[in-house]
Structure formats: structure tokens, C-alpha cells
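Please look over the sequence and the model shown below before reading on. The paragraphs after it go through the structure chain by chain.

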Amino acid sequence: MSRKEALTHFMSQIHGRPVVVKLNSGVDYRGVLACLDGYMNIALEQTEEYVNGQLKNKYGDAFIRGNNVLYISTQKRRGG
Amino acid sequence: MTTSLSANPSTLLPLELVDKCIGSRIHIVMKNDKEIVGTLLGFDDFVNMLLEDVTEYEATPEGRRITKLDQIFLNGNNITMLVPGGDIPE
Amino acid sequence: MAEETEQVITGTVKEPLDLLRLSLDEQIYVKMRHDRELRGRLHAYDQHLNMVLSEAEETVTTIEIDEETYEEVYKTTKRSIPMLFVRGDGVILISPPTRIPGI
């Protein structure tokens with residue numbers, strides 16, 4: 001049952017793509033996803049921190065501890 | 001993957017219900033009063049979920065905030081309830 | 001078929017914790033829960049993100065309500081700690097120093 005393949009596929013093709021990572025606190029991080037592990041720990045490049053939609057900080061690289069993550073969001077790839 | 005029914009008295013395992021939702025709209029209630037509606041593409045044993053065409057509903061002091069997202073990988077850690085069907089909450 | 005059953009990782013094995021491995025002995029920034037921030041030199045870390053920092057500076061941000069105007073006032077207090085253990089469960093984000101690629 002549980003269609004894990006969809007998730008594994010998503011995780012295998014997400015590297016190098018621009019993402020929005022939302023934390024449970026409501027803070028958003030926008031950046032390029034460098035890598036991800038099974039705990040949802042995330043390494044982001046060119047990271048921008050948004051609090052209430054306002055840019056608060058920029059980090060070259062950032063490690064985000066997975067327990068704080070609500071979701072990782074991507075844009076659909078249109079026309080390859 | 002086979003499911004051992006002898007170990008579990010209920011005929012439908014909870015996650016089988018979730019499995020039936022794959023490909024259709026699903027309404028997710030989070031622990032912190034956030035709600036998410038989207039099309040379920042897949043999930044794993046932790047009920048981490050991959051969702052498409054997502055709408056996120058957040059309660060803020062200024063009122064309900066709605067965010068549209070293409071595709072999200074949702075952490076299963078903070079899910080409280082899953083409701084098959086994608087009715088807009090309230 | 002082979003690609004389906006076995007996940008082949010291209011190039012060097014890269015996982016998020018590698019970012020920390022590359023930051024050992026470097027100055028890092030740590031964002032903690034409850035509006036706490038740390039800057040210090042990373043000496044050790046483990047898989048829980050427990051860390052040992054030296055020459056650390058802790059910044060705590062608190063919101064206070066002005067008694068007369070009822071305005072929210074952000075107050076930051078700083079202190080230096082020569083050597084410190086950080087419990088991983090409080091960590092939100094870690095940022096290593098900006099590195100020039102290729103060095």
C-alpha cells in the first residue's frame with residue numbers, strides 16, 4: 001500500500017530546485033535546496049528568511065533542523 | 001507489501017483509508033490549527049505526504065490567511081486529522 | 001530496473017549534516033527556539049545537533065510592553081560564554097560562515 005514511490009521520487013528530483021520551506025512557527029525560508037535527509041533536515045543555499053512575509057535575514061548556506069519543518073514547497077516544472 | 005489481518009482485529013487499517021485517497025482531494029488538520037487541502041500524490045509510514053494544488057489555511061490575528069502552493073512535501077509530525085474529500089473548511 | 005531498486009547517489013554523498021562537518025572549527029550562527037541566537041566556534045556536533053561552541057555570544061530577544069504607550073518594545077540582551085554545550089532539540093537553523101566556492 002502506502003505509495004512511498006511518489007515521495008521517494010519527489011525527494012530524488014528536488015535537489016538544486018528553488019523551494020519554500022515553511023516552519024511550524026510560520027517563518028518561511030526561500031532558497032535552493034542542496035540536500036535533504038530522512039529527518040527532513042534540510043541544507044539550503046542562497047537562503048532568505050521571511051517573517052510575516054517580510055525579508056528578515058539572508059544566509060549563504062543554512063541547515064534547518066527537520067523537526068521544525070511544516071512543509072517543503074516547490075513550483076511545478078512547466079515545459080521542462 | 002502484505003497486511004497481516006490476524007495481528008489487527010479491524011478490517012480496514014487506518015492507513016488503508018489514506019491509501020484510498022491517493023489521487024483525490026484530501027483535507028488535513030494540523031495540530032496548530034492550520035488546515036491544508038490538496039490532491040494526495042503519496043505518503044509514507046510516518047504519514048509524511050506529497051500533495052499537489054494545495055491551499056493552506058492559517059488563522060492569524062488579522063483573520064484567515066490563504067496560501068496557494070503547487071506541490072508540497074508535508075511533514076507528518078504535526079498532523080492531527082485527515083478528512084477524505086477537499087471541502088473548504090467551514 | 002536497477003535504478004528503481006537501488007538509489008544511486010550521484011557524485012559525493014551529500015547530506016544536510018555535511019554542512020556542519022564543513023563548519024567544524026569555524027564561526028557559526030545558530031537560531032534557537034524561544035528567540036535565542038548564538039554565534040560561536042563549532043567544536044563538535046552529533047546527529048541530534050547537540051553542539052559544543054566556544055567563544056560564544058548569546059543574544060536573547062524579548063518583547064516588553066511599554067507601560068505608558070502599551071507599545072511592544074523589542075529588547076535584546078547579550079552575554080558571552082567561553083564554552084557551551086547546546087542541546088540539539090532547541091535548534092531551528094544553523095548557518096556556517098559564507099564560504100568562497102573552491103576554497
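Predicted model: local features only at pLDDT ≥ 70, side-chain atom pairs only at ≥ 80, totals over all residues.

The secondary structure of chain A consists of 1 helix and 5 strands. Along the sequence these elements follow the order α-β-β-β-β-β. The C-alpha atoms of chain A occupy a box of roughly 40 × 30 × 20 Å along the principal axes. The radius of gyration of chain A is 13 Å, which agrees with a compact globule, because a globule of 80 residues would have a value near 12 Å. Of those 80 residues in chain A, 52% are buried.

When contacts between residues at least 6 apart in sequence are considered, 37% of them in chain A join residues at least 24 apart. The accessible surface of chain A is about 3,700 Å², and carbon and sulfur atoms account for 46% of that area.

Chain C has 2 helices and 5 strands. Starting at the N terminus, its elements run α-α-β-β-β-β-β. Chain C has 103 residues, and 33% of them count as buried. For contacts in chain C between residues at least 6 apart in sequence, the share that joins residues at least 24 apart is 47%. Chain C has an accessible surface of about 7,400 Å², with 52% of it belonging to carbon and sulfur atoms.

In chain B, the residue to look at is B:Thr67, which sits in strand S4, spanning residues 63-74. Is B:Thr67 buried, exposed or partly exposed? Its relative accessibility is 24%, so B:Thr67 counts as partly exposed; the buried class ends under 20% and the exposed class starts over 50%. Leaving aside residues up to four places away in sequence, B:Thr67 touches B:Val54, B:Thr55, B:Glu56 and B:Glu58. B:Tyr57 is 10 residues away from B:Thr67 along the chain, and the C-alpha atoms of the two are separated by 6.7 Å.

How many disulfides does a search of the whole structure find? The search over all chains gives 0 disulfides. A:Cys35 has a relative accessible area of 1% and is therefore buried. B:Cys21 also counts as buried, because its relative accessibility is 6%. Both values fall in the class defined as under 20% relative accessible area.

Methods:
Residues numbered from 1 in each chain as written. Chains lettered and ligands numbered in written order. Heavy atoms only, no water. Helix = DSSP H or I, 4+ residues; strand = E, 2+ residues; numbered from the N terminus. Buried < 20%, exposed > 50% of the residue type's maximum accessible area, 1.4 Å probe, protein only. Contact = heavy atoms within 4.5 Å. Rg over C-alpha atoms; globule rule 2.2 N^0.38 Å. Areas by Shrake-Rupley, 256 points an atom, 1.4 Å probe, with all protein chains shown as cover. Disulfide = S-S within 2.5 Å.
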